[in-house]
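Dear colleague,

Here is the structure I said I would pass on. My notes on it follow below.

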Amino acid sequence: MKLSARTGALALLLALATACVPSTSDTDASGKDGKSGTLRVWLFQEVANKPKEEAVGRAVAAFEKAHEGADVEIEYIPVETRAQRIKAAFNDPASAPDVIEYGNTDTAGYVKDGGLADITEEFGAWDEARDTDPTARGSVTVDGKIYGAPLFVGVRALYYRTDVFEELGLEPPTTQAGLVSTAKKIRKEKPELYGLAVGGAYTYGAMPFIWARGGDLAEPDGDSYKAVIDSAAAQKGIETYTSLFGDDNCPAAKCAEMGGNDTVTAFASGKAAMAIGGDFGHAAVEAGAVKGKYAVVPLPGVEAGEIAPAFAGGNNLGVLRSTTHRTLAVDLLKSLAGKDTQRELFGAMGFLPTYTDVREEVAKEEPFVEPFVKTLAAGTRFVPASPASPAWSAIDAGLVLPTMFQEIVSGRKDVPEAAGDAAEKMDAAFRDAS
């Protein structure tokens, strides 16, 4: 396995190539299927990436041993620039990878862009795929066809510092109002800490506050959606979340630009007493300064005993239609997303497996899984993405919701105005995608 020397510095140049995107087809764009050569793979860079690299490295070594004449080049790309990098790759087959990791919210958009190969036949013949969680399988399915393999399931819960809570005589909050007051109490007593690390660019950490209030991002409207982020219920959730930005918890000057990885890093490094993090952030926290001094509980809802609905996250692997090594690329995808590798990625990163049998195995082995499994059982939600309306990729790449949060916490706009503007942008994206 070779690690590419290329970096995210190419993102701007690549982004310029996205103006025209090929249309979807049932056949591979390249028409070639080489049985040897170099396969290029783009995977996401994690907060603490070394364990992921090691687990992936073992899977790649096994693949290369089983496929004489083939070698694999891995490049880890920033999640924040994935939209530009991947869509540009769809337009430039010569420099495009063969296999990519992508977020489950991106499937419909990437299929519409014509970038992902239809691997329905290979997926159906793959024995291990029979144990795939139905929700995870749905995340790679568009109009009944399979465009990838699920890599892991991701949900978020509340990480908190047990030593700080014990010192201050605090209990884990059981309501969102209690979460806000606890965060501000900690900040007052320990001004060197963020009470709860939050981020203006942390869309998936903010969504549970909106959903817990009965709000939503959008609602079905025929074959598409209509934004409801400006509804009264959604605005209450937005108000709760944005109330956490300020000198009394997480100063806007520092926290408005933070994303999910930034908030986990703040917690892991000992700069925050609480953070909303995923099962996939467990390895980073374990590798940080708070090892042995934290616990995890489900993120509370509005009323005591309620669990806030979490985003049903997770990542997939897909083969690009432009690959000139389709058979090898599909085999590599199976190796990287297979049961053995998912077991290793769980151990290395805390990624919840997408196979029901493997998930049951690891849940029995590791206690830290429990709050995430409880969160899954309480009911998860998803973004407005479907085969009929793949607009979410554009909304996400356009930073519509982060812009809304940042406008509010900076004081440039109040909640109704910022939410209304965000709704207009979302509706425009839904119209453009129809």
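Strand β8 (residues 156-161) and β12 run antiparallel and are joined by 4 bridges. One of the residues involved is R161, whose bridge partner in β12 is Y294. Please keep in mind that this is a predicted model.

The two strands belong to an open sheet of 3 strands with antiparallel pairing, in the order β11-β8-β12. The edges are taken by β11 (274-278) and β12 (294-297); each has a single partner strand, so one side of each is left without a neighbour in the sheet. On average, and ignoring direction, neighbouring strands here are turned by 35° against each other. Helix α17 (residues 370-378) packs on the sheet and touches β8, β11 and β12. The direction of α17 makes about 145° with that of β8.

Aromatic residues come next. The structure holds 18 aromatic pairs. In one of them, F209 and Y241, the ring centres are 5.3 Å apart and the planes stand at 55°, so the pair counts as tilted. This pair links distant parts of the chain, with F209 in helix α9 (residues 203-212) and Y241 in helix α10, 32 residues apart. F209 counts as buried because its relative accessibility is 0%, and Y241 counts as buried at 1%. Separately, Y159, F267, Y294, F346, F368 and F372 form one aromatic cluster. Y294 of that cluster is also the bridge partner of R161.

Not counting residues up to four places away in sequence, M404 touches I229, I238, A418, A419 and A422.

Q235 sits in helix α10 (residues 232-242). Is Q235 buried or exposed? The relative accessible area of Q235 is 15%, under the 20% limit, so Q235 is buried. Leaving aside neighbours within four places in sequence, the contacts of Q235 are I229, D230, V415, P416 and A419.

The structure holds 1 disulfide. It joins C250 to C255, with an S to S distance of 2.0 Å. The torsion about the S-S bond of C250 and C255 is about -85°, so the disulfide is left-handed. Both C250 and C255 are buried.

Lastly, the backbone. Most residues other than glycine have a negative phi. D143 is not a glycine, yet has a positive phi of about 50°. D143 lies in the loop between β5 (141-142) and β6 (145-146), and with 65% relative accessibility D143 counts as exposed. L399 also has a positive phi, near 55°, and is a residue other than glycine. The place of L399 is the loop between α18 (392-397) and α19 (400-409). At 48% relative accessibility, L399 counts as partly exposed.

Regards

Terms used. Residues numbered from 1 in each chain as written. Predicted model: local features only at pLDDT ≥ 70, side-chain atom pairs only at ≥ 80, totals over all residues. Heavy atoms only, no water. Pairing = 2+ DSSP bridges. Axes fitted to C-alpha atoms, helices over the stretch in contact; angles between N-to-C directions. Contact = heavy atoms within 4.5 Å. Disulfide = S-S within 2.5 Å. Buried < 20%, exposed > 50% of the residue type's maximum accessible area, 1.4 Å probe, protein only. Phe/Tyr/Trp six-rings, centres within 6.5 Å; stacked < 30°, edge-to-face > 60°.
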